Amino acid sequence: MSEQLSLQDWLPKEQGPWALDFEAWPQAQAQRWRAVLAVSSSSGRKMLLGEREADAMLLQSVEARLQSPVRWLRCDAAAVTHWLGAGEADFRALSDVEEAVVEADSSGDALELSALAMSEQASPVVRLLNATLYDALQDGASDVHIECTLRGAVIRFRVDGVMSMVRTVEGAAVAEQLVSRLKVMSELDIGERRLPQDGRFKLKVQGREVDFRLSIMPSVFGEDAVVRVLDRARIEQTGGSLTLDALGFQADERAAIRAQARQPHGMLLVTGPTGSGKTTTLYATLAEIHTGSDKIITIEDPVEYQLAGVVQIPVNEKKGLTFSRGLRSILRHDPDRVMVGEIRDPETAQIAVQAALTGHLVFSTVHANNAFDVIGRFMHMGLDLYNVVSALNAVLAQRLVRLTCKHCARPYSPDAVTLTRYGLKEGEHQFLRGEGCGHCRGTGYKGRRAVAELLKLDDGLRDLIAARAPMSQIKEAARARGMKPLRVMTLQAVCRGETTFEELERVTLDE
C-alpha cells in the first residue's frame with residue numbers, strides 16, 4: 001500500500017535522491033511513471049516517491065532492478081515534477097537506475113542507445129558515456145562538451161544555446177578513456193593525440209537514427225571533445241510540419257522570406273553563428289516552396305533532415321566529394337533550385353555565384369555576424385564584387401532567442417536606467433520574466449524562436465556596394481528601405497513579453 005507524503009517534508013531528512021523514469025520500461029508501456037528514488041540515511045532502505053499509485057508488477061520489476069525491497073510513497077505530482085526539473089541536470093548522469101547502454105546493432109551500421117538495464121559486463125566508462133549521450137538527447141542538448149582538467153574532466157551540455165555543467169569526472173585516466181571511446185565509435189585514430197580529429201557516428205534511439213558529429217582538440221591536460229547532436233526528431237517536434245511559421249518568424253518576416261524564395265534566379269543567403277538555426281530555416285523555406293514542378297537538389301554536410309521529393313547529397317570528403325565538386329555535378333543535372341549547406345571556401349563561393357548568374361536559384365549559409373558582413377566575407381575570398389552583388393537577392397541574418405517560460409512567467413517592471421537605455425517609457429509595455437519551475441529546469445526560459453534581419457538588395461544598394469561605399473552609408477540606405485536590425489527585432493520581442501532584456505544583450509550587439 002502506498003501512502004500520501006509531502007516531498008518537501010521527506011527529502012531534507014534523507015540522503016540522495018536520484019531520478020527514476022519508467023517511461024522506457026516494458027512493464028510501464030501504457031503510461032509514464034515518474035518518481036524520485038531516495039535512500040534512507042539511517043537504515044539504507046530504498047524508497048520511491050512517485051506521483052501516482054504503483055501496481056504490483058511495476059514494484060516487482062523495481063525491486064528486481066535494485067536488488068532490494070522498495071517502499072513506494074505517493075506524493076503530490078507537481079512537487080515531483082518541480083524537483084526533477086530543478087535537479088535533473090546534476091543527477092541524471094549519476095543515476096544507477098537510468099543509464100544507457102550502447103550495443104552493436106544487428107545491421108552493423110549503427111549502434112543502439114537504450115534505457116534498459118545496464119549489462120554487468122559493460123565497462124564503467126562505456127556506461128558513463130552512454131548515459132551522458134542519452135541525457136543529452138533527453139535534455140534537448142545541441143552539443144556535449146567533454147573538457148579535460150588536471151584531475152579528470154568536466155562534462156557540459158549546451159541547451160537552448162547556453163552552457164551548463166552536468167557533472168565532473170574524477171581521474172585523468174577515465175577522462176582519457178572517455179575520449180578514446182568516442183574515437184572508436186567514430187573510427188578515428190586512437191593513437192593520435194597531438195592533432196585535431198573530426199568524425200561522426202550514429203546511434204539508434206527508440207527506433208530512430210540520431211547523428212553525432214565529433215571534434216577532438218588537443219589541450220593542456222589531454223584532449224577535449226565536442227559532440228554535436230543532430231536529432232531529426234527535434235526538427236519534427238512541431239507535428240511533422242517544417243514551416244517558417246513553426247520557427248517563430250513574425251508575419252512580415254515570413255512574407256519577405258517567402259517572396260525571396262520564389263524568385264526565378266539569384267542567391268538567398270542565411271547567416272549567423274553556429275547553432276543559430278540557419279540550416280533549419282533553409283529546410284523550412286524549401287519545404288514551403290516545393291510543389292513538385294521544380295527540381296531541387298541539395299548538397300549538405302551532413303543531411304540533417306530528409307525532404308520528400310528533393311534530391312539530397314551528403315558531402316564525403318574522404319571519398320573526394322566536396323562542396324565544390326558536388327556543386328559542379330549538380331549543375332549538370334538540370335536543377336531549378338540548389339541548396340548548398342555552407343559556403344566555406346572561394347571555389348564553392350565562385351561556383352555558387354556563377355550558378356545564380358546563369359538562371360538558378362541558390363540557397364546557402366555563410367558564417368558572419370550580420371547581413372552586411374557577408375559582403376566582406378565574399379570580398380576576402382577574392383570574388384569579383386560586381387558579380388556577387390549581381391547574383392545576390394537577399395541576406396537573412398538570424399539568431400535564436402530563448403523564450404520566457406509560460407508556466408512561471410510573471411510581470412515585472414524594469415528600472416528607469418534600463419528603460420532609458422532602450423528608449424522605452426514606463427508603463428508602455430508589459431514585460432515578463434520567468435521565475436523558474438520544473439517545466440523550464442529552473443532557468444525561467446522554455447524553448448527558442450528565431451529573430452532575423454533581412455537585407456534585400458535593389459539596384460541602389462548594389463551600386464553602393466559595388467562602388468565600395470562606406471558601410472555606414474550602406475546601412476543607412478538599407479534602413480531607409482525598411483530593413484530592421486537584429487537588435488530592433490529582438491527588442492520588439494522583449495516588449496511583447498516573449499523574452500527578456502538579458503537575452504537581448506546575449507544574442508545581439510549594441511551598434
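Visitor: What should I know about the numbering and the limits of the model?
Guide: Residues are numbered from 1 along each chain as its sequence is written, and side-chain values use heavy atoms, with hydrogens and water left out. The model is predicted: local features need pLDDT of at least 70, side-chain atom pairs count only at pLDDT 80 or more, and totals for chains, interfaces and linings use all residues.

Visitor: Why are Y422 and F501 called a stacked pair?
Guide: Rings of Phe, Tyr and Trp (its six-membered ring) pair if their centres lie within 6.5 Å; planes under 30 degrees apart count as stacked, over 60 as edge-to-face and the rest as tilted. The ring centres of Y422 and F501 are 5.0 Å apart and the planes stand at 20°, so the pair is stacked. The whole structure has four aromatic pairs.

Visitor: What makes the Y422 and F501 pair a tie between separate parts?
Guide: Y422 sits in the loop between helix 13 (416-421) and strand 21 (431-434), and F501 in helix 17 (residues 501-507), so the pair ties together parts 79 residues apart in sequence. Helices (H or I, at least four residues) and strands (E, at least two) are DSSP runs, numbered from the N terminus.

Visitor: How do you know that strand 14 pairs with strand 19?
Guide: Two strands pair if DSSP finds at least two bridges between them. Five bridges join strand 14 (residues 266-271) to strand 19 (residues 392-404), so they pair, and they run parallel. T271 stands opposite A397 in strand 19.

Visitor: Which sheet holds these strands, and what makes strand 16 an edge strand?
Guide: Seven strands form an open sheet of mixed pairing, in the order 16-15-17-18-14-19-22. Strand 16 (311-314) and strand 22 (445-456) each pair on one side only, and are the edge strands.

Visitor: How do you know that strand 13 pairs with strand 12 and with strand 8?
Guide: Strand 12 (residues 208-219) and strand 13 share nine bridges in the antiparallel sense. A hairpin joins strand 12 to strand 13 through two residues, and S219 stands opposite G222. Strand 8 (residues 143-149) is joined to strand 13 (residues 222-230) by four bridges, also antiparallel. H145 stands opposite V226 in strand 13.

Visitor: Why is the lining of the second largest cavity called nonpolar?
Guide: Ala, Val, Leu, Ile, Met, Phe, Trp, Tyr, Cys and Pro count as nonpolar, Asp, Glu, Lys and Arg as charged, and the others, Gly among them, as polar. F372, I375, I465, M471 and I474 line the second largest cavity, giving five nonpolar, no polar and no charged residues.

Notes
1 Å grid on protein atoms, 1.4 Å probe; cavity = no way out; pocket = protein on both sides within 12 Å on 5 of 7 lines; lining within 4 Å.
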